[in-house]
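Here are my notes on the packing in this model. Please read them with the structure open.

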Amino acid sequence: RSTLFPYTTLFRSLAEFFIVERSEIMIIVNLKGGLGNQLFQYAAGKALAERHQTELKLDLSWFQASSSRQYQLHHFAISAEHATQQELKKFTGKYKSITKKIWWQIKSLRNQYRVYKEPSFNFNSELLQCGPNTLIEGYWQSERYFQGISPIIRQELRILTPLSKQSHEMKDKIINHEAVGIHIRRGDYVELGPQATSIHGLLDSQYYDTAIAIIEKKINNPHLFIFSDDISWAKKSLHFKHAVSYVEHNDENTGFEDLYLMSQCKHNIIANSTFSWWGAWLNHNPSKIIIAPNQWFRTTEMNKLTENLIPDSWIKI
């Protein structure tokens with residue numbers, strides 16, 4: 001018996017390692033960045049999980065290592081749970097035990113647990129071909145990843161956290177006007193200096209003047225609601241001949257409230273920002289007019305990577 005015992009244990013370990021129970025099958029999405037990025041990543045992961053009829057889990061390790069952004073999806077009606085360290089090890093192979101590392105390497109050759117990293121910024125159909133038990137890393141900034149499950153995404157991106165009194169009052173004002181939500185992003189694009197502005201670029205007053213002129217030709221009596229991380233710049237640099245309200249009571253911690261309020265507007269003028277992209281996409285108005293910048297990044301070369309970012313029904317200027 002003592003002679004057979006090590007072999008019996010070995011065979012049992014091998015069997016447990018190689019057999020994947022149905023309850024273990026999952027899609028994990030690595031989350032990072034601000035709220036707009038998190039929403040794109042979640043939507044892509046949810047689409048892949050729905051494709052395989054399995055559960056989606058969230059890898060939050062980036063937020064544990066970085067203090068630049070906060071995880072914010074807990075404000076929404078999402079169905080995904082957080083991935084445990086043990087679950088993540090199945091994909092990363094970061095085991096302390098040499099034996100488990102060897103078993104993981106053998107198992108990874110069989111594609112039982114796979115990490116799929118976004119190969120480029122543009123839409124990549126290979127993501128939708130990934131099998132179950134895949135951890136995905138990337139930004140996935142295209143509606144095409146989740147277009148087939150749009151009703152599910154809209155349902156899960158309902159806000160659950162109660163709005164502040166000020167946001168409730170602003171919502172009432174928005175729904176009682178021909179509201180045009182205008183987002184102006186400057187904050188980190190300016191604060192991070194030349195490197196950030198050389199990549200993203202800053203939209204100037206001419207972009208917003210042109211966008212408002214288009215809105216004026218299509219609707220009567222627009223009421224402009226300004227959302228920005230630099231309200232003082234907006235007040236100083238932009239001049240409006242229509243009624244205007246500045247939404248300036250929220251900060252990054254309550255950014256989800258601004259996103260919700262943008263989605264309640266009847267029309268949207270977005271910045272080169274995934275944050276306002278989602279505010280516009282979640283807008284339920286069937287006749288909404290959405291205006292987006294044609295130049296998402298500053299350089300022509302990088303801008304070519306965004307050809308799948310703006311939905312066809314939106315106006316690009």
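1. H7 passes H12 in a right-handed crossing. This is a predicted model. H7 covers residues 165–175 and H12 covers residues 255–264. Their axes come within 9 Å and cross at roughly 15°. Angles under 35 degrees count as roughly parallel, so H7 is roughly parallel to H12.

2. Which residues of H7 and H12 make the contact? From H7 come Ser167, Met170, Lys171, Ile174 and Ile175. H12 answers with Glu257, Tyr260, Leu261 and Gln264. By class, the contact has five nonpolar, two polar and two charged residues.

3. Now the cores. The largest nonpolar core has 62 residues. Leu58, Leu73, Phe76, Phe146, Trp277, Trp278 and Trp314 have the most contacts inside it. Several elements each supply at least two residues of this core, including H7 and H12. Strands S1 (26–30), S2 (55–59), S7 (223–228) and S10 (290–292) are also among them, as are helices H2 (35–51) and H13 (274–281). H2 gives the largest share of this core, nine residues.

4. Look at Trp314 next. Neighbours within four places in sequence are left aside here. Trp314 is then in contact with Ile270, Trp277, Ala280, Trp281, Ile290 and Ala292. Trp277, like Trp314, is one of the residues with the most contacts inside the largest core.

Conventions:
Residues are numbered from 1 along each chain as its sequence is written. This is a predicted model: local features need pLDDT of at least 70, side-chain atom pairs count only at pLDDT 80 or more; totals for chains, interfaces and linings use all residues. Side-chain values use heavy atoms; hydrogens and water are left out. Axes are lines fitted to C-alpha atoms, for helices over the stretch in contact, and angles run from 0 to 180 degrees between N-to-C directions. Helices (H or I, at least four residues) and strands (E, at least two) are DSSP runs, numbered from the N terminus. Angles under 35 degrees count as roughly parallel, over 145 as roughly antiparallel, 65 to 115 as roughly perpendicular and the rest as oblique. A crossing is left-handed if the near helix is turned anticlockwise from the far one by less than a right angle, and right-handed if clockwise. Contact means heavy atoms within 4.5 Å. Ala, Val, Leu, Ile, Met, Phe, Trp, Tyr, Cys and Pro count as nonpolar, Asp, Glu, Lys and Arg as charged, and the others, Gly among them, as polar. A nonpolar core is a set of buried Ala, Val, Leu, Ile, Met, Phe, Trp, Tyr and Cys residues joined through side-chain atoms within 4.5 Å. Buried means under 20% relative accessible area, exposed over 50%, partly exposed in between (1.4 Å probe, protein chains only).
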